[in-house]
Amino acid sequence: MIKLDRLVTVLGGYGVELVVAAGRDAELRSVAMHDPIEATPTRGDVFLAVGVATAVRAVELAAAAEAVAVLVHADAAEEVRSAAERSEGVAVLAADRALSWSLLAELVYGLVFEGRETESGRGPSDLFALADAVAAATEAPVTIEDRRSRVVAYSSRQHDVDEVRHSTILARSVPEEIRALFTRRGVFAHLAESDEPLFVAPSPEHGLRGRTVVAVRAGRELLGSLWATCDTPLPRHRAGILQDSARTVALHLLRSRVSADLERHVESELVIRLLEAGPGSAATLGKLGLAQSRYRVIALQAHADGDQHAAALLAFERATTGFGWSRLSRSALFGSTVYTILPCGEDPRPARDWLHDVTAHLPGHLTTVAGIGAPATPDQLPASRSEADECLALHASRHAGPPISYDESWDQVLLQRLRRAAASGRTPSRGPLTDLAHHDAAYATQYLPTLRAWLQAHGDLPTTAGLLDVHPNTVRYRMRRMHQITELPLDDPDKRLAMLISLAVEDGPG
């Protein structure tokens, strides 16, 4: 279930202030709204003081409603404090009058009702309890899946099920080969068009027992499916129970979607505020439920032929799967890039592990590129974001390989910056390197590669010859000829450094 601390965190993103706290671990299970017609207020853990003239009166009504917290409109915090002092045990949250009650009510109802757990404590909603009830009524193990065949909930009764059901629950997703089988059999086509239960015959060669499946739909929109394991078609009355249950499941999935979208919206705004060096980073971290620590910023892009926007949304959805309190990371979708703040020290491996987990669950037709910024304090997060952006661009230029971490590849990032400068015409267009390049192009000589190897070997002839796989005398000859073709200032350390950098830039992405 949701606790007062979570409610405060989310509402804080909209500017609601906790004026008086009464234990932020208090559990919230119900909501009550002020009704001026009723003689006594309805009981509820969160009391919405809609239309109440004063903060004093709002707190009095909340106490009568036995509320844990009261949400009031108030112009001055002092007014609320003085009112709260008259009623011990009620947390008081003050909202600016610019925030409409319709928005506040949507936020509170969405959080409190979607935050209620089952008695078994297995999840953030009662879908698991619903799955148990359907399994008992149909006398069959049950799973609830979304449109992408990902398991949303399952009944506790799963004994004597097949290998496919075991692997589906463990991986929280139907195996690809079984999805392909269902596609060939027309199962998904049926779910898209019909609300009637469908029996899916067993397939022993795939380790699959029979199933009865029914679409979970809201209006015309397919939200998911409800599956019951059975070796033969369910009797008519049990199939009817399954079909009726699908309507209840649809309501729960809709509530879950609204709550998740709300969480993502608030989280995204707060993350962007941190990455853009907004004021009060410590307060913003608190609203995100994060402690003062060192973080890395991860930049992730997903691409699909002809539909980059959908690919980015899929990546963002995966990055924010699960409720905030169950995730170490916090993410935002900004343009086509998913930015994630992850508690991470000097070792970038946790960031790479996080990326692997996210990308492994994306559809196979998507391609991803990513960059990891260096460790940063909260105030340094904008710099870590810039580093992550540059690492992402470098990863994209390589078209392969693992995600790039700034602290391990800062030299390549620097060269990438210089390449961009060169591409915009901000590097010298004439000089010894240009002269040698023209000579190599005209006479098929190898002076420029020889100079590069000589500079990399710090002028050591045997090492240079080894790099080029030629005799040291060949290197001596080429060096003499280069001095005849152009003015080659190899005695000047600054010019040697400039030439080495220029040659490294011309090498292109490594």
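In the predicted model, the buried residues of helix α16 are Tyr447, Leu448, Thr450, Leu451, Arg452, Ala453, Trp454 and Leu455. Helix α16, which spans residues 447-456, is thus mostly covered, with eight of its 10 residues buried. The helix is followed by histidine 458, which has a positive phi near 55 degrees.

Strand β12 (residues 221-229) is likewise mostly covered, seven of its nine residues being buried. Strand β11 (residues 211-218) runs antiparallel to β12 and is joined to it by eight bridges; within this pairing, arginine 217 has leucine 222 of β12 as its bridge partner. Two residues separate β11 from β12 in a hairpin, and glycine 219 in the turn has a positive phi of about 65 degrees. Strand β8 (residues 142-146) also pairs with β12 in the antiparallel sense, over five bridges, and glutamate 145 has serine 225 of β12 as its bridge partner.

The structure contains 17 salt bridges. In one of these, the side chains of glutamate 60 and arginine 57 meet at 3.4 Å, N to O. Both residues belong to helix α2 (residues 55-64) and lie three residues apart, about one turn of the helix. A further salt bridge, at 3.5 Å, N to O, links the side chains of aspartate 357 and arginine 318. Because aspartate 357 lies in helix α12 (residues 349-360) and arginine 318 in helix α11 (residues 308-319), this pair ties together parts that are 39 residues apart in sequence.

Aspartate 389 and arginine 385 form a salt bridge at 3.7 Å, N to O. Arginine 385 counts as buried because its relative accessibility is 16%, under the cut-off of 20%, whereas aspartate 389, at 26%, is partly exposed.

Terms used: Residues numbered from 1 in each chain as written. Predicted model: local features only at pLDDT ≥ 70, side-chain atom pairs only at ≥ 80, totals over all residues. Heavy atoms only, no water. Buried < 20%, exposed > 50% of the residue type's maximum accessible area, 1.4 Å probe, protein only. Helix = DSSP H or I, 4+ residues; strand = E, 2+ residues; numbered from the N terminus. Pairing = 2+ DSSP bridges. Salt bridge = Lys/Arg side-chain N within 4 Å of Asp/Glu carboxyl O.
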